[in-house]
Amino acid sequence: HPQRFPQQPQQPQQLQPPPQPPPQPPPQPPVQPPTRPPAQPPSQPPPQPPAQPAAQPPPQPPAQPAQPAQPVQPAPQPPLQPQGQQAVLQQGPITNSPQGAEYVTNSAITRTFSWTPPQRTALQAWQLAFPRGVGWKDVAFSEGSAGGRLWTQAAVVQWVQHELLGGLDPFAAHNGMVPVPFSAKAGGKFPTPEDQLDPGQWVGYSRRQLCFIVAKSLVGSKTAGYDNGLARFMLKRTSGGCAPVQGDFGRAWWGFLVTCAADPMLQAGGQGPLLLAAQALPPPSVATVRAQGRTAPIAGAGLRLCRYDDGSGGAALPGIDAVPVEGCTQPSDTAPGRDFMTGGLMGQAVQDISAKFLGGYIYGNVCDIGGGQDERLMAFMPEVSALTFFLSQAGPDGVFGPPQLRQPAWILGARRLRVGIDGTCRFEARFELDPAVPFTSDLVTVQLRGKSYSMSGSKPFLAFMSENQGFLGWPEAADSIRAARRNKEPRQRATVGKAAFAN
């Protein structure tokens, strides 16, 4: 919310390495990233004014079979952003939107973008999020590959470096370049649109492709010519000096990569299920909704009640259907139960009351979990945050943005990967992956453009903006907040005025 995270003037600053631990024995030479075959050069766009040539990735030999996992050793930490290096900006080629290899969109135009060289190894990226292993806990998944294999730091880092980044390229069908929908209109006087999807547009990437995008961004590679918000957000310093790759968000993205490594559908280069981001059509006016509401029977809405942690012990109310026990259990003193945030009912959407953009006011403001519901969901559902930021290059910083997907929007196929979230937010502090993360048990089949795709149906994500932010005034009176939390603030039921029916 604007009051919670006021926008600060953005000052350019050089990202420096995180604080180093006490002196240790001389470090070993840094692990060198595996090499890959040179990417095919993209077709050239229409003539442009002279620009700096795009940096080319180093040539790489064929990927070697992964070696047995070795213990993770501390690696020298390079700066998050090497001095003097700027993102290479070069327009990708314009094509009709190609389909195949799981990338799918209804955008009329797609552009493809090459990756800039990595700036750190997977091991070094890991240690930015888990310095010397602090905060990490080994995990085995009940549905994971290799019969409940225990995933350690060393095993995860090795899989990312050799199997994901050094293995089969999930974008090989696009000559190793990343396709991005590109028909959205620019933001008025600014050179970029707010995000890459116009109302009614959608785009899908395979789970392996999204794993690859996140891993590439964590090792410091960018999309040359497309200044995607994911790479920018990872390194965006807050006023306190931290960068998200060093906090809860960095741990969340690495948690996602752990599930990528364990996913049986990604073995041997498999693309896995589809994730889809979709912009809604333009919303009707509040007046239109109010007019329709005068005759819409609420009895057909199928409303159910979960009395979660409200002091009632979950007792039912006469005449109101209760949420089934799979989606409503009470918390204990040490762990959450189940409510709409935790999930539990197959296909039950989580509704994110967002700002104008998904994730709220986190860009340049936070590295760790904080704020409201929308900020927390970005860390507990890292597939959502990855797509939210990757699908926008809005800028420049401090002038136009932030680079986040705009609402109202759906993200389908994403999952909650961590334990600890519920409506109370009392149990969220620890980083702990959910050993019951679904890989195959929650898959459903969807049809897009005449082709069938598998997609996770466990937790559809819907984001829309609350139109009555600030209806209690500012600063908010403590007694009004207490009343509103108990649903007893009279202005919550106002039928006239600024906030009336606006939600």
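This is a predicted model: local features need pLDDT of at least 70, side-chain atom pairs count only at pLDDT 80 or more; totals for chains, interfaces and linings use all residues.

Residues are numbered from 1 along each chain as its sequence is written, and side-chain values use heavy atoms, with hydrogens and water left out.

**Exercise 1.** Describe how helix α2 packs against helix α5.

Solution. 
Step 1. Locate the helices, which are DSSP runs (H or I, at least four residues) numbered from the N terminus: α2 covers residues 153-164 and α5 covers residues 248-262.
Step 2. Consider the axes, which are lines fitted to C-alpha atoms over the stretch in contact, with angles running from 0 to 180 degrees between N-to-C directions. The axes of α2 and α5 are 10 Å apart, at an angle of about 70 degrees. Helix α2 is therefore roughly perpendicular to α5 (the term covers 65 to 115 degrees).
Step 3. List the contacts (heavy atoms within 4.5 Å): Val156, Trp159, Val160 and Leu164 in α2 meet Trp254, Leu257, Val258, Cys260 and Ala261 in α5.

**Exercise 2.** Determine how helix α8 is placed relative to the rest of the structure and to helix α3.

Solution. 
Step 1. Examine burial (under 20% relative accessible area, with a 1.4 Å probe and protein chains only). Nine of the nine residues of α8, residues 382-390, are buried, so this helix is largely enclosed by the rest of the structure.
Step 2. Turn to α3, residues 207-218, whose axis comes within 11 Å of that of α8 and crosses it at roughly 70 degrees. These two helices, α3 and α8, are therefore roughly perpendicular to each other.
Step 3. Identify the partners: Arg207, Leu210, Ile213 and Val214 in α3 meet Glu383, Ala386, Leu387 and Phe390 in α8. By class, this contact has six nonpolar, no polar and two charged residues.

**Exercise 3.** Which residues touch the most other members of the largest nonpolar core?

Solution. 
Step 1. Apply the definition: a nonpolar core is a set of buried Ala, Val, Leu, Ile, Met, Phe, Trp, Tyr and Cys residues joined through side-chain atoms within 4.5 Å.
Step 2. Among the 86 residues of the largest core, those residues are Trp151, Tyr205, Trp254, Leu257 and Phe461. Helix α5 supplies the largest share of this core, ten residues.

Terms used. Angles under 35 degrees count as roughly parallel, over 145 as roughly antiparallel, 65 to 115 as roughly perpendicular and the rest as oblique. Buried means under 20% relative accessible area, exposed over 50%, partly exposed in between (1.4 Å probe, protein chains only). Ala, Val, Leu, Ile, Met, Phe, Trp, Tyr, Cys and Pro count as nonpolar, Asp, Glu, Lys and Arg as charged, and the others, Gly among them, as polar.
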